[in-house]
Amino acid sequence: MSFKDLINSMFCYTPPLEYNFSLPEDTQTSTLNQITSSMPQEKVNIFPSLNVNIEYMRTKYNLLINSDIILREFTINARGKQYNAFLIYIDGMVDSEIMDKFILEPLMLRNKNNLYDGSQTKVISEAVANNITIRKVKKFDLPNYLMGCLMPQNAVKEVTDFDEVSSGINSRQLCIICRYTKPCL
């Protein structure tokens, strides 16, 4: 063996051309995966209280530490009434200018589209008997009004549980939860 080969063998490392390895199957891990995949996942429905929903989202996304998640509380003006709401999204994944112009402005500003006076009530039927007028009036439905009149975008949908809310938020959508409605993504 030459001096050069001796030095190279002592101080230089030459990786092999091919690696042969195998991973043993861990029976505990595979059993745990089978158990957790067979367990039904419990869905958490949206709560009727807006404050409870806000606290749930703050806890779920750990908003005291996580500054990437934006939770903004605001007031919706719809047909002369005000409804408390909040929206939640991941900062940087939602375009703030588009959100302001096409979501927050139509919902928050008082304009001719969302003003309401008593004369605009939709009367379905009317009957008069013995000088008594009976009118059947269509009840105001805030979710349909919001989605049909104030936010007429194609990608608006109602969801009923927090799994759908979380998957929407994590996939570059924002969620609006109102005291009166189901959340919209």
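Visitor: Which loop is the place of N62 in?
Guide: Residues are numbered from 1 along each chain as its sequence is written, and side-chain values use heavy atoms, with hydrogens and water left out. Helices (H or I, at least four residues) and strands (E, at least two) are DSSP runs, numbered from the N terminus. In those terms, N62 sits in the loop between α3 and β1.

Visitor: What is the phi of R172, which is not a glycine?
Guide: You'll find R172 in the loop between α6 and β5 (175–178). R172 counts as exposed because its relative accessibility is 57%. Its phi is positive, at about 70°.

Visitor: What pattern does the protein chain follow along the sequence?
Guide: Start with the tally: the protein chain has six helices and five strands. Walk along the sequence and they come as α-α-α-β-β-α-β-β-α-α-β.

Visitor: What share of the accessible surface of the protein chain belongs to carbon and sulfur atoms?
Guide: Of the 185 residues in the protein chain, 27% are buried. Accessible areas come from the Shrake-Rupley method with a 1.4 Å probe, and for residues only the protein chains shown count as cover. The total for the protein chain is about 13,600 Å², and the carbon and sulfur share of that is 53%.

Visitor: Which element has the lowest mean pLDDT?
Guide: The protein chain averages a pLDDT of 75, and 68% of the residues score at least 70. Over residues 114–120, pLDDT stays under 50. Where pLDDT is low, the predicted coordinates should not be read in detail. Among the elements, α3 has the highest mean (90), while the lowest (56) goes to α2.

Visitor: How many residues apart in sequence are the parts that F47 and F162 tie together?
Guide: Aromatic rings of Phe, Tyr and Trp (its six-membered ring) pair if their centres lie within 6.5 Å; planes under 30 degrees apart are stacked, over 60 edge-to-face and the rest tilted. F47 and F162 form a tilted pair, 5.8 Å centre to centre with 45° between the planes. F47 lies in the loop between α2 (27–38) and α3 (50–60) and F162 in helix α6 (residues 162–170), so the distance along the sequence is 115 residues.

Visitor: Which residues do ring pairs link into a cluster?
Guide: F47 also makes an edge-to-face pair with Y56, 5.8 Å centre to centre and 70° between the planes. F162 is buried at 1% relative accessible area, whereas F47 is partly exposed at 31% and Y56 is partly exposed at 24%. The cluster is made of F47, Y56 and F162.

Visitor: Which residues is N53 in contact with, leaving aside its neighbours within four places in sequence?
Guide: N53 belongs to helix α3 and is buried, at 1% relative accessibility. Contact means heavy atoms within 4.5 Å. By that rule, the partners of N53 are I46, F47, F86, F162 and I177.

Visitor: How far apart are the end C-alpha atoms of helix α4?
Guide: The expected span of a helix is 1.5 Å times one less than its number of residues. Helix α4 (residues 96–108) has 13 residues, and a straight helix would reach 18 Å. Its ends fall short of that, at only 16 Å.

Methods: Predicted model: local features only at pLDDT ≥ 70, side-chain atom pairs only at ≥ 80, totals over all residues. Buried < 20%, exposed > 50% of the residue type's maximum accessible area, 1.4 Å probe, protein only. pLDDT = per-residue confidence, 0-100.
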